[in-house]
Amino acid sequence: MKLLIKWILHATALLALAQLAVGIEISGFATAMAAALLVGFLNLFVRPALVVLTLPVTFLTLGLFLFIINALMFWAAAELLDGFHVNGFTSALLGSLLYSTFGMVIDSALQHLFPPQPL
C-alpha cells in the first residue's frame with residue numbers, strides 16, 4: 001500500500017513540477033505515473049553504474065557532478081517516454097532538483113504516516 005501511495009504522490013509531484021518549471025511538459029496523469037515509474041527504474045538501475053563510472057569526476061568536483069547525473073536520468077526519462085518532454089539540459093537540471101526535493105518531502109511524510117514496524 002505504501003509503495004502505491006508513494007508512486008501516486010511522485011506522479012502528482014511531476015504534474016506540479018510541470019506547472020512550476022519552465023520547459024517541462026507532461027500530457028496527463030497516466031503519463032506522469034509512467035514517468036515516475038521510469039525515473040525510478042533509471043535511478044535504480046542506470047544511475048549506480050554512472051556514479052561508479054564517473055567517480056573520479058565526482059571526486060574532483062566534490063560531489064557536484066551527481067547533480068549532472070540526476071539531470072541526465074531525468075532527461076533520459078523524458079526522451080524515452082511520449083507525453084513527457086524536457087526542453088533542454090537546464091530544464092532537466094532544474095526539474096531534477098525540484099523533483100528530488102519533492103521526493104524528500106514525500107518520503108518524510110510517508111515515514112510519519114507509515115512508521116517502521118519492529119521486528
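Which residues of α5 are buried? In this predicted model, they are Ile69, Ala71, Met73, Phe74, Ala77 and Ala78. Those buried residues pack against α1, β1, α2, α3 (47–53), β2 and α6, and Phe74 also turns up among the residues with the most contacts inside the largest nonpolar core. Here's a quick tour, going from the whole chain down to single residues.

**Overall layout**

- The chain holds 6 helices and 2 strands, and reading along the sequence gives the pattern α-β-α-α-α-α-β-α.
- A compact globule of 119 residues would have a radius of gyration near 14 Å, and the chain comes in at 15 Å, so the two agree.
- Along its principal axes, the C-alpha trace spans about 40 × 40 × 20 Å.
- Buried residues make up 31% of the 119 in the chain.
- Take the contacts in the chain with a separation of 6 or more: 62% of them come from residues 24 or more positions apart.

**The nonpolar core**

- The largest nonpolar core has 25 residues, and those with the most contacts inside it are Leu14, Leu17, Ile24, Phe74, Phe84, Val86 and Tyr99.
- Two or more residues of this core come from each of α1 (2–20), β1 (24–26), α2 (29–45), α5 (65–80), β2 (84–86) and α6 (89–113).
- The top contributor is α2, which gives 6 residues to this core.
- As background, nonpolar side chains tend to be buried together in soluble globular proteins.
- Val86 is worth a click: setting aside neighbours within four places in sequence, its contacts are Gly23, Ile24, Phe74, Trp75, Ala78, Ser91 and Ala92.

**Two helices to look at: α5 and α6**

- For α5, 16 residues at 1.5 Å a residue should span 22 Å, and the end C-alpha atoms are 23 Å apart, so the helix agrees with expectation.
- α6 has 25 residues and runs 35 Å from first C-alpha to last, close to the 36 Å expected at 1.5 Å a residue.
- The buried residues of α6 are Ser91, Ala92, Gly95, Ser96, Tyr99, Gly103, Ile106 and Leu110.
- Those buried α6 residues pack against α1, β1, α2, α5 and β2.

**Aromatic pairs**

- The structure holds 4 aromatic pairs.
- One of them is Phe41 with Phe45, a stacked pair at 6.1 Å centre to centre with 20 degrees between the planes.
- Phe41 and Phe45 sit about one helical turn apart, because 4 residues separate them in helix α2.
- Phe41 counts as partly exposed because its relative accessibility is 40%, while Phe45 counts as exposed because its value is 57%.
- Phe74 and Tyr99 form a tilted pair, with 6.0 Å centre to centre and 45 degrees between the planes.
- This pair links distant parts of the chain, with Phe74 in helix α5 and Tyr99 in helix α6, 25 residues apart.
- Phe74 and Tyr99 are both buried.
- Ring pairs tie Phe74, Phe84 and Tyr99 together into a cluster.

**Phe84 up close**

- Phe84 lies in strand β2 and counts as buried because its relative accessible area is 2%, under the 20% cut-off.
- Beyond neighbours within four places in sequence, Phe84 is in contact with Leu14, Ile24, Glu25, Ile26, Thr31, Ala35, Phe74, Ala77 and Ala78.
- One of those partners, Thr31, is 53 residues away along the chain, yet the C-alpha atoms of Phe84 and Thr31 are separated by 6.8 Å.

- His10 is found in helix α1.
- With a relative accessible area of 14%, His10 is buried.
- Leaving out neighbours within four places in sequence, His10 is in contact with Ala36, Tyr99, Gly103, Ile106 and Asp107.
- Among these partners of His10, Tyr99, Gly103 and Ile106 are also on the list of buried α6 residues.

Key. Residues are numbered from 1 along each chain as its sequence is written. This is a predicted model: local features need pLDDT of at least 70, side-chain atom pairs count only at pLDDT 80 or more; totals for chains, interfaces and linings use all residues. Side-chain values use heavy atoms; hydrogens and water are left out. A nonpolar core is a set of buried Ala, Val, Leu, Ile, Met, Phe, Trp, Tyr and Cys residues joined through side-chain atoms within 4.5 Å. Buried means under 20% relative accessible area, exposed over 50%, partly exposed in between (1.4 Å probe, protein chains only). Contact means heavy atoms within 4.5 Å. Rings of Phe, Tyr and Trp (its six-membered ring) pair if their centres lie within 6.5 Å; planes under 30 degrees apart count as stacked, over 60 as edge-to-face and the rest as tilted. The expected span of a helix is 1.5 Å times one less than its number of residues. The radius of gyration is taken over C-alpha atoms; the globule rule is 2.2 Å times the number of residues to the power 0.38.
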